[in-house]
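Thank you all for coming. I would like to take a few minutes to walk through one model, so please have the sequence and the structure open as I speak.

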Amino acid sequence: MIIQGDTGDWEIVIGLEVHAQVISKSKLFSGAATDFGAEPNDQVSFVDAGFPGMLPVINEKCVEQAVRTGLGLKAKINLTSVFARKNYFYADLPQGYQISQYDMPIVGEGTLLIDLADGSSRAIGIERLHLEQDAGKSIHDMHPSKSYIDLNRSGVALMEIVSKPDMRSPEEAGAYLTKLRTILRYLETCDGNMQEGSMRCDANVSVRPVGSTELRTRCEIKNVNSIRFVQQAIEYEARRHIDVYENGGEIRQETRLFDSAKGETRSMRSKEHAHDYRYFPDPDLLPLVVAQDFVDGIQATLPELPDDKKARFMTDFGLNSYDAGVLVAERASADFFEQVAAGRDAKMAANWVMGDFFAAMNSGDYSWEKPPVSAVNLGKMIDLIKDGTISTRLAKDVFIFMVETGKDPAIIVEEKGLKQVTDTGAIEKAIDEIMAANPDKVAEVKAGKDKLMGWFVGQVMKATQGKANPGMLNELIVKKFQE
Amino acid sequence: MSLDKKAVRAIAELARIEIPDEDLDHLAGELSGILQFVEQLAEVDTTGIAPMSSVADLTLPLRKDEVTDGGQVAAVLANAPDADDGFFTVPKVVE
Amino acid sequence: MTKLTNLTIAQARDKMAKGEFTALELTEAHITAMQAKRSLGAYITETAEQAREEAKASDLRRQAGQIGALEGIPLGIKDLFCTKGVQTTAASHILEGFKPPYESTVSGKLKAAGSVMLGKLNLDEFAMGSSNMTSYYGKVVNPWKSKSDPAKLLVPGGSSGGSAAAVAARIAMGATGTDTGGSIRQPAAFCGITGIKPTYGRCSRWGIVAFASSLDQAGPMARDVRDCAIMLGSMAGHDAKDSTSAPLPVPNFEAALTGDIRGLKVGIPKEYRPDGLSDEILRVWEQGIEWLKAAGATPVEISLPHTKYALPTYYIVAPAEASSNLARYDGLRFGQRVEGKTLDDMYKKSRAAGFGSEVRRRIMIGTYVLSAGYYDAYYSKAQKVRRLIAEDFTKAFQDVDVILTPTAPSAAFGMDENTDDPVTMWLNDVFTIPTSLAGLPGLSLPAGLNADGLPLGLQLIGRPFDEETVFKVAGVMESAANFTALPEGV
């Protein structure tokens, strides 16, 4: 995206740091639970609260999840990595330091392919992924002069996934986050829920004149909690930088907050202090060493990832890039589609899944665990269309009954009498009756008013409660008027 | 390295320790003396030597992912100077 | 009959086994002594009532045939070990009133072995010091008196000064100590008792208020080598809650006291004779070498070339780790708070009021050496030199089985001496710090008295996790030294 300023064209340079909460039962360095929404300070061990003499012991599941994510990002796994302390004081940081990884992260460089609206794809570099502890939560609106501290989240494992400054527009940033979230969900290493804070994004934004390769001073926008807001924040921030530069000013490197109500960013007061994190290897922890066998074992259990799945859907099922992209956006939707499409007309399956099925899914209290229609029943319904038992038109009714009752489509067709009429005699009889009742209209058609033919089709359909086979009906009507 | 008052004030700020202005000179002298003492390490040739952050000749032991802790709000808050309604409290923070 | 408080742990154990007295009687005798000697300032918190209850419970266990390795033995616990429901201060104002809702692994193991806790022992604030003068709860007085100036108050050494004074004054049969740069060995030497810092990783650090995590190690302080061996057997062992704890079985340390050291090679490091080392220290060291020769061991001169850099290395590494370990004392979740207008104001006031001057000084040095632009020149450099120091020992132990050195460069000094310049004060630990940096076991035992009638200690250093050889050699030296002198009032 190019932004036209008063002095010329500007390009945005964006790098994203995503904090993804690792799916695990217990915390990174303590045995306290990680569930969302517990009573304040109920999921807190003395380790998480930084009590004297308490020591961290690492959770193997979190290590496995980080490696799994690294493999999913086609990144280098560092068999030896080191935990370091990042020292700073804050009310929700009980130890006075965050255990993180600094110069030896568990995962090194990788890539992520983003899918853009025009159907093209672009590779974005991953700089690194490291494991670290989450902080607790400060609540500022419970008391006029005090902030309240809840440490339930303190010590929960996060993966900080850092991109290279490879993105050039809010759209690309959005596509990156969407794709990253899809991959994390495929891998089941993070639930990607931005509202609950299990995926948070900091955006590093700078601008430069088009054609320049310099990297100008960047600002970091912290903790934006939806993809749409990330895009808004980037756009606002980029325009702010351009304004400042074009008015002869300088951008100060700083941390900013996005105010979603006002749609603007502002300087963060609590981050005004010059930071000096004094990283050093945590002497309570030893180097984390993972065996190549351990990595290979995880590699062997990786699911098919969205890019591969999309390619396969296009090749094996003949789907176009857009349809395949929509279907693989979630692992569950891809699985559902594959179940419906198995041994059937894949294009028809895709249309039904993306059409009536997605609409039903969004219209009520449904989930992939509790879909409006099971994949088995949707498949059977498609079979009924294919073998001529029902028309596509009737199928829409059958689908609604399936949503309402959960019954097998064959039973619905039977009970509701929705079987399509393919008996030529019966259809002819219905046509004859309509023609006999409307001699004036018959005359008009015969006088050349072909458009009225459609009216006859409609009337016959109505008379047969929609059950007449549409193809046969059309054919027979034409024949009748030719007689 | 000889530290001046300004440097001592900056260190105290990082360490979050209030130091009265009248103590800065004395402290600057003391800390400078310590730094001069430790700076004799500069004469040791450490080319090619890896830093030793632990003497334990081990790698990190891993723990199973099980919930074994928590559910003890009262104990967590029992020593807090000013807890309220299940929370720790601090002077209000403006973000 | 000998006073109950003058028995060693091994003697009391055997006599209780024969039914000569009960744990309650033994505990009462110690409570009486503890209360009579409050002027020493050895205990920060006395837990007499709890001790009586524990002693009664111990007697019941004994009747039921459940007899732990330290059944009914009254001990003092350094106030750096968190003890469930009992105030734990680290001798700092900032932790005043803190009652841990948990028990440290080591003190818990001692309890499980049947011991009785008399109270929490004084120390230098956050274990930072060599004189026990930095405690917020008052100085500890060394029970030994100088012949030439009996009125002079002497320091017990530090940081485990309360532990050393209590064991020497017979107001605890044994005590826990912790050693980061000499905090068990130097006070043991100053108070004429025995103490061992085991190999780093031998005892769990879980529940011990941290000073410098890569150096801190708990160990026993007692009247003789055997008592230390008995206590360490109960304190040591792998702990899954401490990632740096060694997953090794605990040997029977007491069984290592065979008295036979024939053929062992004892390293005598030539670098441990710095200019100005007093004749009396050199003499006791020479004496120690003679005892070992007489017992059939061979002294071998060794070189530990980086010895002189141990002190500056330590005074970068330890404060750096401490500056981070002590960040949690912020007046928020436990301990003392001084209210402030803002969060930072509260932090700064609480920490200024809560920490004493030595602790503040070390936090500031540690903060500085880790800060941007200085990390490589100080912290990283020190970690490299630390490796060289450790490698010196590794090389030496290819040729020798154990190393003998003095424990400290002097006997106990007066409370009014040596305290102005921090660097001079730190020189007390010049012989103990290298061992700490290398993580090796080091034991100090009393070897004689100086001209002023004050105890002098010798240090034995062993290979990693070879405390058994250290105990074995120490046992032989103890017999040869026949150190029977007692401090005043015992």
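Predicted model: local features only at pLDDT ≥ 70, side-chain atom pairs only at ≥ 80, totals over all residues.

Residues are numbered from 1 along each chain as its sequence is written, and chains are lettered from A, with ligands numbered from 1, in the order in which they are written.

Let me begin with chain A, which has 15 helices and 17 strands; helices here are DSSP runs of H or I of at least four residues, strands are runs of E of at least two, and both are numbered from the N terminus. The C-alpha trace of chain A spans about 95 × 55 × 50 Å along its principal axes.

How is chain A divided into domains? The assignment gives domain 1 (2-297), domain 2 (304-416) and domain 3 (424-482), with bounds that come from an automatic or database domain assignment. The C-alpha centres of domain 1 and domain 2 of chain A lie 37 Å apart. Eight residues of domain 1 of chain A are in contact with nine residues of domain 2 of chain A, contact meaning that the two C-beta atoms, placed from the backbone, lie within 7 Å. On the domain 1 side, strand E7 (110-115) and helix H2 (170-187) of chain A are the elements that give two or more residues, and H2(A) gives the most, with four residues. That side divides into three nonpolar, three polar and two charged residues, where Ala, Val, Leu, Ile, Met, Phe, Trp, Tyr, Cys and Pro count as nonpolar, Asp, Glu, Lys and Arg as charged, and the others, Gly among them, as polar.

Turning to the interior, buried residues make up 45% of the 483 residues in chain A; a residue is buried if 20 or more other C-beta atoms lie within 10 Å of its own, exposed if 12 or fewer, and partly exposed in between, with C-beta atoms placed from the backbone. A nonpolar core is a set of buried Ala, Val, Leu, Ile, Met, Phe, Trp, Tyr and Cys residues joined through C-beta atoms within 7 Å. In the largest such core, of 267 residues, the members that touch the most others are A:Tyr176, A:Ala203, C:Leu75 and C:Ala165. Leaving aside neighbours within four places in sequence, A:Ala203 has contacts that include A:Ile14, A:Leu16, A:Val224 and A:Ile234. A second, separate core of 30 residues includes A:Val328, A:Val353, A:Met381 and A:Leu384.

Chain B has three helices and three strands, which run α-α-β-α-β-β from the N terminus on. The radius of gyration of chain B is 22 Å, well over the 12 Å that the globule rule gives for 95 residues, so chain B is more spread out than a compact globule. Of the 95 residues of chain B, 31% count as buried.

Now to the contacts with chain C. From chain B, 38 residues are in contact with 54 residues of chain C, and H2(B) gives the most to the chain B side, with six residues. That side divides into 28 nonpolar, six polar and four charged residues. From chain A, 24 residues are in contact with 33 residues of chain C, and the chain A side divides into 15 nonpolar, five polar and four charged.

C:Arg13, in helix H1 (residues 9-17) of chain C, is buried, with 21 other C-beta atoms within 10 Å. C:Val317, found in helix H9 (residues 310-325) of chain C, counts as buried because it has 29 C-beta neighbours inside 10 Å. The C-alpha atoms of C:Val317 and C:Ser380 are separated by 9.1 Å, although these residues are 63 residues apart along the chain.

Methods. Rg over C-alpha atoms; globule rule 2.2 N^0.38 Å.
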